[in-house]
Amino acid sequence: MCGIIGYIGLRQAQPILLNCLGRLEYRGYDSCGIAVSEHGINVCKDAIRVEALKKTMPRLDGTAGIGHTRWATHGEPSPINAHPHLDCSGKIAVVHNGIITNYQNLRDQLSGEGHQFVSETDTEVIPHLIEKYYNGNLETAVAAALNDIEGSYAIIVLATDEPKLVAARKDSPIIISLGDRENFIASDVPAILDYSNRVVYLEDGDIGVITTDSIKVSRRGNEVAVKVHQISWTVEDAQKAGYEHFMLKEIHEQPKVIRDTLAGWVSGEALEDLATMWGDDINALLILACGTSYHAALIGKQIGQELLKIPVRAELASEFNYSTQPLARTLAIAITQSGETADTLKAMKKLKEVGCQALAITNVVGSTASRIADRTLYTRAGPEISVAATKSFTAQLMVLYQLMMSHPEIGARRLNSMTKELRQLPNKVQQVLDNEGEIAQYARELSQYENIFYIGRGINFPVALEGALKLKEISYIHGEGYAAGELKHGPFALLGSDTPVIALLAQDDTYEPMLTNIKEVKARGSPIIALTREGDEDIEKIVDKVLTVPQVEAIFSPVVNTIALQLLAYYAAREKGCPIDFPRNLAKSVTVE
Ligand code: G6P
């Protein structure tokens, strides 16, 4: 999970590469570098962020080049391990996203043939292999090198002797983008939005070649016609629009994201289309995902269990991949914002192998998940740059509500009442955002603690997990999400005045047992904040503080509750001065297992 970029055209490559790399930093940001070709290849790289590289690097002339922003897998972040990597002659440079699993064998073999390696990375074998096979045709040499390689890769290759860039992919994303007398190769669409909105998606096994005036894609040795897609995301979508952080902007975009993702439902078009997902033979649902998307999956399970009469499971894709399960007559749903998470893709491939119908819910048009799936439902969240997922989660919930509500067995009354609530959600969410000042005040107080518990029951248990995840990933405070009824089986030992507990309430049959759990916590001396609906007077008498959200039907409470918790995590992290959009050790798109 690194970001890669390539440029060839009439303009100086250096500023363009650096600008695009800045837009790719959400994919990794422990080091970065670029290589530019003009009468030889000049490389500049370091274990610093792109902004710092911009300030410190010399001018490199040339109108073709490649760049990389890294999330280390093999070898610590260091100038030597940063990409691009070169061959022995210094005439071939490579940037790579993915993992070469047989790199040690290749390295030993190439070393025996006289190649000298300088880094600890798996990537460095690639330029050396290309050098070994180079015989005046870069594309042929790349194809030969890839024959020797096992693992996953998206690569871009630059060579001094040929005015072109060569790209290839296997299990890692890559696009070609078309400009006017210039062309680009990138990991992802946000990288190139400043320059173009026309892209071509490469398939696994494809080799792409771009020059200033041409693009060519070959599949199994034969040239194929390219399909150019027009991207609807704008460059403004991928910028901060005056907000201090992408995360805050993305939190505030949620009323619009809900409206956009529900547009088809509200207009009545989506119901018919979604209803076709439910073939007669489907008698179970399995939802798979990782990270925040997994929490959406858990909420999807709760929605499904309430609305449908078939069993619904939710599993971590990374665990599912190493389990055996009955999958007959199961509709499998993979949720992934990026559409590129390695564990989720592996799960999807496993499902396809056993003949399961796979439905993808993703935010990225043309992503690998959308290409593996039998059908895809898109979340309309727009580009999400902050590593911590916010608006994509809410959009995933919107798709899950619509999907479950489209089941033929949902009665018209239930459908109508839920649709009415859905329509009101953007306004309810706006009210949560309008209460930002109070939430920020609570967050500042909470930022003084080292451990915070989030507790919930039923549909709000996954919300507790998500609130805790948001807190730990951006503020580095240990947040722990727990099923409220389980505290007494161990975590009570950790409670006390130095461990606040945030209790999430919904107006359903979990409300009373939650009150009991809250009283138990209080008896152990922990400060308690309740997150509940406006006008919940019972709770005010028991807890230390109350944070209110607008009243919604319990099934929709995860939406308003999660957004309040996103703001809470954001302001706690801000108070601590954390690098909110790019937390340490993390990356947004995790393309390794
Ligand atoms: C990374 C990101 C998380 C995200 C998870 C799953 O860990 O930092 O924010 O939830 O990957 O990503 P996906 O793209 O599959 O939803």
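This is a predicted model: local features need pLDDT of at least 70, side-chain atom pairs count only at pLDDT 80 or more; totals for chains, interfaces and linings use all residues.
Student: Why is helix 13 called roughly antiparallel to helix 19?

Tutor: Helix 13 (residues 391-405) and helix 19 (residues 557-575) pack at an angle of about 175 degrees, with their axes 11 Å apart. Angles over 145 degrees count as roughly antiparallel, and that makes helix 13 roughly antiparallel to helix 19.

Student: Which residues make the contact between helix 13 and helix 19?

Tutor: Helix 13 contributes Phe-393, Thr-394, Leu-397, Met-398 and Tyr-401, while helix 19 contributes Pro-558, Val-559, Thr-562, Ile-563 and Gln-566. Sorted by class, this contact of helix 13 with helix 19 has 7 nonpolar, 3 polar and no charged residues.

Student: How do you know that the length of helix 1 agrees with what its 12 residues should span?

Tutor: At 1.5 Å a residue, the 12 residues of helix 1 (residues 13-24) should span 16 Å, and the end C-alpha atoms of helix 1 are 16 Å apart, which agrees.

Student: What makes helix 1 mostly covered?

Tutor: A residue counts as buried when its relative accessible area is under 20%, and 9 of the 12 residues of helix 1 are buried. Among them are Ile-16, Leu-17, Cys-20 and Arg-23. What covers the buried residues of helix 1 includes strand 1 (3-9), strand 2 (31-37), helix 2 (50-56), strand 4 (64-70) and strand 10 (182-186).

Student: Why is strand 1 described as largely enclosed by the rest of the structure?

Tutor: The same cut-off of under 20% relative accessible area applies, and 7 of the 7 residues of strand 1 are buried, so strand 1 is largely enclosed by the rest of the structure. Gly-3, Ile-5, Tyr-7 and Gly-9 point one way from strand 1, whereas Ile-4, Gly-6 and Ile-8 point the other way, and all are buried.

Student: How do you know that strand 1 pairs with strand 4 and with strand 10?

Tutor: Pairing needs at least two bridges between two strands. Strand 1 is joined to strand 4 by 6 bridges, running antiparallel, and to strand 10 by 5 bridges, also running antiparallel. For example, Gly-6 has Ile-66 as its bridge partner in strand 4, and Gly-9 stands opposite Glu-182 in strand 10.

Student: What makes strand 17 and strand 20 edge strands?

Tutor: These strands belong to an open sheet of 5 strands in the order 17-16-18-19-20, with parallel pairing. Strand 17 (312-316) and strand 20 (375-378) each have a single partner strand, so one side of each is left without a neighbour in the sheet.

Methods:
Residues are numbered from 1 along each chain as its sequence is written. Side-chain values use heavy atoms; hydrogens and water are left out. Axes are lines fitted to C-alpha atoms, for helices over the stretch in contact, and angles run from 0 to 180 degrees between N-to-C directions. Helices (H or I, at least four residues) and strands (E, at least two) are DSSP runs, numbered from the N terminus. Angles under 35 degrees count as roughly parallel, over 145 as roughly antiparallel, 65 to 115 as roughly perpendicular and the rest as oblique. Contact means heavy atoms within 4.5 Å. Ala, Val, Leu, Ile, Met, Phe, Trp, Tyr, Cys and Pro count as nonpolar, Asp, Glu, Lys and Arg as charged, and the others, Gly among them, as polar. The expected span of a helix is 1.5 Å times one less than its number of residues. Buried means under 20% relative accessible area, exposed over 50%, partly exposed in between (1.4 Å probe, protein chains only).
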